Amino acid sequence: QVQLAESGGGLVQSGDSLRLSCAASGLKMDIYTMAWFRQCPGKEREFVAAANYFNQDTKYAEGVTGRFTISRDNSKNMVNLQMNRLKPDDTAVYYCAAVWGGDINSRAKEYNFWGQGTQVTVSS
């Protein structure tokens with residue numbers, strides 16, 4: 001059974017940093033593309049960042065480029081999202097997702113597995 005478990009969310013102030021982690025079990029992460037999405041109440045889930053299985057290729061949403069960094073440790077089945085210079089607009093539930101293969105995709109419907117999410121709240 002595949003499980004993705006996010007951690008690291010919390011309440012921070014504008015300009016602060018947070019590091020989210022996702023622990024994957026039940027899958028061999030090194031053949032999956034891993035991604036982070038986020039969702040605000042009443043809004044669709046939106047793409048944040050993704051890294052293919054060799055970490056050779058990464059992709060970021062326009063609004064987080066230069067502030068967020070995705071990284072993965074296949075040996076530990078972990079993927080992280082370092083978030084710097086956080087803004088109130090970054091407030092959302094952040095989800096870890098996985099899809100088999102090495103093609104980076106920003107569409108949520110393409111991902112097979114999802115975590116339960118972790119809340120990130122940025123106060124102004």
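Visitor: How many aromatic pairs does the count come to here?

Guide: Welcome! This is a predicted model, and the count comes to 6 aromatic pairs.

Visitor: How is a pair of aromatic rings described?

Guide: In general, two things describe such a pair: the distance of the centres and the angle of the planes. Take Tyr111 and Trp114, whose ring centres are 6.2 Å apart, with planes at 65 degrees. Planes over 60 degrees apart count as edge-to-face, so that is the label for Tyr111 and Trp114.

Visitor: Is Tyr111 buried or exposed, and what about Trp114?

Guide: Buried means under 20% relative accessible area. Tyr111 has 5%, so this tyrosine counts as buried. Trp114 has a relative accessible area of 25%, so this tryptophan is partly exposed.

Visitor: Which residues form the aromatic cluster?

Guide: Tyr111 and Trp114 belong to one cluster together with Phe37, Phe47 and Tyr95.

Visitor: Where does the charged end of Arg45 sit?

Guide: You will find the charged end of Arg45 over the ring of Trp114, 4.7 Å from its centre. Arg45 also lies over the face of Tyr95, at 3.7 Å from that ring centre.

Visitor: Let us move to a loop. Where is Asn52 found?

Guide: Look between strand 5 (46–51) and strand 6 (58–60): Asn52 is in the loop there. With a relative accessible area of 8%, Asn52 is buried.

Visitor: Which residues does Asn52 touch?

Guide: Leaving out residues up to four places away in sequence, Asn52 touches Tyr32, Thr33, Asp57, Arg72, Gly102 and Ile104.

Note on methods: Residues numbered from 1 in each chain as written. Predicted model: local features only at pLDDT ≥ 70, side-chain atom pairs only at ≥ 80, totals over all residues. Heavy atoms only, no water. Phe/Tyr/Trp six-rings, centres within 6.5 Å; stacked < 30°, edge-to-face > 60°. Buried < 20%, exposed > 50% of the residue type's maximum accessible area, 1.4 Å probe, protein only. Lys NZ or Arg CZ within 6 Å of the ring centre and 35° of its normal. Helix = DSSP H or I, 4+ residues; strand = E, 2+ residues; numbered from the N terminus. Contact = heavy atoms within 4.5 Å.
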